[in-house]
Amino acid sequence: AGLGQFLAEIENRGAKDLYGHGSTASWFAEMAGLSRGEAGAVVKRALALNPTLALDGTEVPPVAPRTAAVAAQGLVGDERIDQILDILKRLPADTTAEDRAVAEKILGELAPNAGPRQLVEAEAKLLGWLDPDGNEPKDPEPKEPRREITLDRRKDGFWKLTGLLDDETGARTAAALEAHAQPRPVDEFGQADLRMKCERMGDAWAELLDLAIACPDQPGTSGYRTLVHVTIGLEELKSGLGTACLDFVGTMTAREARLAACDCLMVPVVMGTSGEPLDMGRLRRFVTPGQRRALNIRDGGCAFPGCHRKPKNCHAHHIEHWADGGPTDLRNLVLLCGFHHRLIHHGDWEVQMAADGLPEFIPPQYRDPLRKPRRNTLHHR
Ligand SMILES: [Zn+2]
Ligand SMILES: [Zn+2]
């Protein structure tokens, strides 16, 4: 305590100037043969435990008088004193002088019989007492997550997606994509899934979008699963030839628009030959939740033979497109995953409703010369 008082006095009187040192600590370091850091800690302790002088010469009581008292009796070591001073420094900036004094008294009285752990717990309790509505005490500063996505449409109609994700979001993205990016099992014709990893990830991305858009809480869709309008002429929609106009974006082929419009993945706006919007019975072509539930139960997943996809990954495909007059009812609907939906629209397979009311698929001739209808037997065993 004697040394501390001495150091505090030197600090107060500015005696350090006499010896050409910039601070009490550097003067003391040289005097005592200590490192600058060691000397700094001693001086810091000295200043906190001893009265100091304000600029006008009045005495300022020590920051930690109670701690100073137990320290003077030799009841606490330097480490514990430093811990208390650090805790006092971390008290919220708006803590009143009275509350600071109470906090210091509690810590000082605790110190002779406390280890570092008890002081940490005491700090948590003090913070809870000083700021009951504040953050959980001792919570590390929550880090602002860093995630950025940039999406640019190129002249060729492809989109360039780049981004940077924080560790957690990146891991969740990878897990979500991986779950949808598994290779398809080899089908009955021995056809393996030939997609590259990056292509499977791309398809998985499209499936995740379907899931997100199908979520009834999706903002701005009033419960419909649709976000994007595609404007297309009735002729183009029926024939799949020509182009369609996509909201804010540009054009897409009528073929793609026909697929997107099938399960109303996009809201189709169909135009007559003179450019007037046609009322195609907007609600009639939407599959109702009740119909969708019935479809999920009937097909149990993608109805394409050999496909494992679950209902939540499926579109409701109109066997006869609604643009061609096909009704939106169970006899004309079949569940297809994104991949097989595309295959049915763009490939050579055909789907029809069998006499028993279940969908069956007819392979192209080059697959099966007899074109024997096939069914998916995986979902209902
Ligand atoms: Zn379809
Ligand atoms: Zn499928």
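**Exercise 1.** Locate Asn 313 in the chain, and decide whether Asn 313 is buried or exposed.

*Solution.* Step 1: Asn 313 is found in the loop that runs between α12 (289-299) and β9 (314-318). Helices (H or I, at least four residues) and strands (E, at least two) are DSSP runs, numbered from the N terminus. Step 2: the relative accessibility of Asn 313 is 9%. Buried means under 20% relative accessible area, exposed over 50%, and partly exposed in between, with a 1.4 Å probe and protein chains only. Asn 313 therefore counts as buried. Step 3: with neighbours within four places in sequence left aside, Asn 313 is in contact with His 180, Glu 207, Leu 211, Leu 336, Cys 337 and Gly 338. Contact here means heavy atoms within 4.5 Å.

The model is predicted: local features need pLDDT of at least 70 and side-chain atom pairs pLDDT 80 or more, whereas totals for chains, interfaces and linings use all residues. Residues are numbered from 1 along each chain as its sequence is written, chains are lettered from A and ligands numbered from 1 in the order in which they are written, and side-chain values use heavy atoms, without hydrogens and water.

**Exercise 2.** Describe the site of the zinc ion (ligand 2).

*Solution.* Donors are N, O and S atoms within 2.8 Å of the metal (3.2 Å for Na, K and Ca); water is not among the atoms, so sites may look incomplete. Step 2: the angles among the 4 donor atoms are 99 to 117°, and the site is tetrahedral. For four donors, this term requires all angles to lie between 85 and 135 degrees. Step 3: along the chain, these donors follow the spacing C-x4-C-x29-C-x2-H. Step 4: Cys 302 is buried, because its relative accessible area is 0%; Cys 307 is buried as well, at 5%.

**Exercise 3.** Describe the site of the zinc ion (ligand 1), and state where Cys 262 and His 345 lie.

*Solution.* Step 1: the protein donors of this ion are Cys 262 (SG), His 317 (ND1), His 341 (NE2) and His 345 (NE2), lying 1.8 to 2.2 Å away. Step 2: this site is also tetrahedral, with angles of 103 to 116°. Step 3: the spacing of its donors is C-x54-H-x23-H-x3-H. Cys 262 belongs to helix α11 (residues 254-262) and His 345 to helix α13 (residues 338-346); they are 83 residues apart, and the pair links distant parts of the chain. Step 4: Cys 262 has 0% relative accessibility and so counts as buried. His 345 is buried too, with a relative accessible area of 19%.

Definitions and conventions: Four donors count as tetrahedral if all angles lie between 85 and 135 degrees; four count as square planar and six as octahedral if opposite donors are over 155 degrees apart and all others between 65 and 115; anything else is irregular.
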